[in-house]
Amino acid sequence: MRRPSRHNKPPLILWVVLGLVLAGGLVFLIVKLAGGGGKPEEGPASSVGAASTDPAPEAGEPAPAPTPTPEPVALPEPDAPEGAPEDMGSLMVAGGTGYAYYTFSTEVSNRYINTVAGAGQALAGSATVYSLIAPTSMDVQLPESYLTEHQVDSADQKKAIDRYLLPSINAINQDVKTVPVFDALRRHWDENIYFGTDRTWTQLGAYYAYEEFCKAKGVQAVALDQFEKKSYEGFMGGFAGLVGEDRLYSDTVDAYIPAGDTSLSFTDANGETNEGWAVISDGDGYSSSLLYLIFAAGDQPYKVLTNNSITDGSACVVVQDSFGNFFTPFLTQHYQFVYVVDYASYDGNVPDLVREKGAGDLIFLNHVIITSSDTAVESLESLF
């Protein structure tokens with residue numbers, strides 16, 4: 001089955017109609033989408049703004065000049081790889097680097113939207129909900145001209161995230177704090193922010209997303225130079241197993257060690273509890289193909305990251321996929337306890353966990369491909 005092309009005729013105009021169902025207080029999103037293609041329309045949601053509270057000018061006084069709308073800052077254009085890309089099924093290879101395809105699904109995306117917005121309603125008054133959707137490297141590190149020239153069959157991630165998914169969440173529930181990160185990542189496109197041999201971002205990419213989260217939360221991000229940096233060469237991730245190592249350049253794994261008396265415990269897939277782990281382990285003890293496991297012990301159903309240097313009892317819960325492993329160590333600089341659940345393997349109820357742990361924040365951190373995966377969203381829905 002062909003993936004939706006960037007050249008397909010775009011769908012007709014898409015509006016999100018917000019309705020309140022009185023019995024039970026549930027809010028549903030009604031979306032009208034006609035036509036084919038993999039891209040969401042540019043204006044997916046609209047919401048009613050609050051009335052102005054500015055006082056009217058006194059009689060005879062000149063009205064204040066309107067505040068000018070700032071011009072959008074142009075994003076840098078990445079360099080194009082040499083040569084045409086090779087289609088390898090679920091990914092393509094260009095210039096020795098792998099890039100994962102993304103297919104937009106209206107139906108599945110709407111279920112993801114309703115799950116996040118519904119979590120905000122379920123926790124209203126007890127916790128703040130944040131939603132961060134990470135793009136993959138395809139649209140961040142490749143220029144649109146290259147994707148268009150080679151007719152790459154992958155939906156537009158910036159439009160999907162910034163013009164559909166996040167605005168639609170806010171159209172349903174304005175109390176959910178959405179965290180756009182695409183532009184921040186694009187501004188650093190030429191740095192080591194994504195692995196070329198794996199779908200995920202690097203910890204440096206996660207750091208730039210962490211900065212955006214801190215802006216949304218209203219706290220100061222810890223400067224990057226305040227973390228101890230360690231680097232490990234020769235990493236070959238999951239793409240290498242799919243297309244062969246000879247087609248890809250190996251990656252450098254950069255780790256940024258957080259300050260403080262931090263530690264990690266986790267419950268593995270067998271239900272066994274493991275204590276006394278480092279939030280980021282020493283990579284010298286790992287083979288090059290397993291270096292991703294140094295970050296927060298890799299994918300585990302349930303983890304607790306603790307910073308004993310913070311004693312205020314502050315806590316958050318993170319619902320994540322593998323992108324979160326690179327992100328959550330930074331959160332230890334702001335919370336005493338960071339409780340992490342994997343959307344695909346945790347078998348508890350997340351709102352109950354938030355209340356049980358007294359967490360002030362619930363953070364959804366998923367990459368964009370998850371939002372259009374029926375299996376993934378079904379797993380996420382089961383947690384709420």
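**Briefing on the predicted chain**

Gln-141 lies in helix H2, which covers residues 137-141. The model is predicted, and its chain contains 10 helices and 15 strands. Of the 384 residues in the chain, 51% are buried.

**Gln-141 and its surroundings**

- Gln-141 has a relative accessible area of 14% and is therefore buried, the cut-off being under 20%.
- The side chain of Gln-141 reaches the backbone oxygen of Trp-189 at 2.7 Å.
- Leaving aside residues up to four places away in sequence, Gln-141 touches Pro-78, Asp-79, Trp-189, Glu-191, Ile-193 and Tyr-194.
- Asp-190 is located in the loop between helix H5 (182-186) and helix H6 (203-217).
- The relative accessibility of Asp-190 is 56%, so this residue counts as exposed.
- Asp-190 and Pro-78 are 112 residues apart along the chain, yet their C-alpha atoms are separated by 7.2 Å.

**Chain-level totals**

- Among contacts in the chain with a separation of 6 or more, 73% are between residues 24 or more positions apart.
- The chain has an accessible surface of about 17,500 Å², and carbon and sulfur atoms contribute 50% of that surface.

**Nonpolar cores**

- In soluble globular proteins, nonpolar side chains tend to be buried together.
- The largest nonpolar core in this chain has 51 residues, and the members that touch the most others are Val-317, Val-319, Val-350, Val-354, Leu-362 and Phe-364.
- Helix H4 (residues 157-172) supplies the largest share of this core, with 7 residues.
- Another core, of 50 residues, lies apart from that one and includes Ala-134, Val-181, Ile-193 and Tyr-210.
- With residues up to four places away in sequence not counted, Leu-362 touches Ala-119, Leu-123, Thr-128, Val-129, Tyr-130, Val-317, Val-319, Val-350, Val-354 and Phe-384.

- Buried positions in H4 are Gln-157, Lys-159, Ala-160, Ile-161, Tyr-164, Leu-165, Leu-166, Ser-168, Ile-169, Ala-171 and Ile-172.
- A side-chain oxygen of Asp-156 comes to within 3.1 Å of the backbone nitrogen of Lys-158 at the start of H4.
- The buried residues of H1 are Thr-106, Val-108, Ser-109, Asn-110, Tyr-112, Ile-113, Thr-115, Val-116, Ala-117, Ala-119 and Gly-120.

- Strands of a sheet pair through backbone hydrogen bonds, either parallel or antiparallel.
- Strand E13 (residues 315-320) runs parallel to strand E15 (residues 361-367), and 5 bridges join the two.
- Gln-320 has Leu-365 in E15 as its bridge partner.

**The sheet of 3 strands**

- A further open sheet consists of 3 strands in the order E3-E4-E5, with antiparallel pairing.
- Strand E3 (86-87) and strand E5 (97-100) are its edge strands, each pairing on one side only.
- E3 is joined to strand E4 (residues 91-94) by 2 bridges, in the antiparallel sense, and Glu-86 stands opposite Val-93 in E4.
- The antiparallel pairing of E4 with E5 involves 4 bridges, with Ala-94 opposite Thr-97 in E5.
- E4 and E5 make a hairpin with 2 residues between them, and Gly-95 in the turn has a positive phi of about 60°.

**The E8 and E9 pair**

- Strand E8 (residues 228-235) pairs with E9 over 6 bridges in the antiparallel sense.
- Lys-230 stands opposite Ala-255 in E9.
- Strand E9 (residues 251-257) is largely enclosed by the rest of the structure, because 6 of its 7 residues are buried.

How values were computed:
Residues numbered from 1 in each chain as written. Predicted model: local features only at pLDDT ≥ 70, side-chain atom pairs only at ≥ 80, totals over all residues. Heavy atoms only, no water. Buried < 20%, exposed > 50% of the residue type's maximum accessible area, 1.4 Å probe, protein only. Contact = heavy atoms within 4.5 Å. Areas by Shrake-Rupley, 256 points an atom, 1.4 Å probe, with all protein chains shown as cover. Core = buried A, V, L, I, M, F, W, Y, C linked by side-chain atoms within 4.5 Å. Pairing = 2+ DSSP bridges. Polar contact = N/O pair within 3.5 Å; in protein donor to acceptor, adjacent residues only side chain to side chain.
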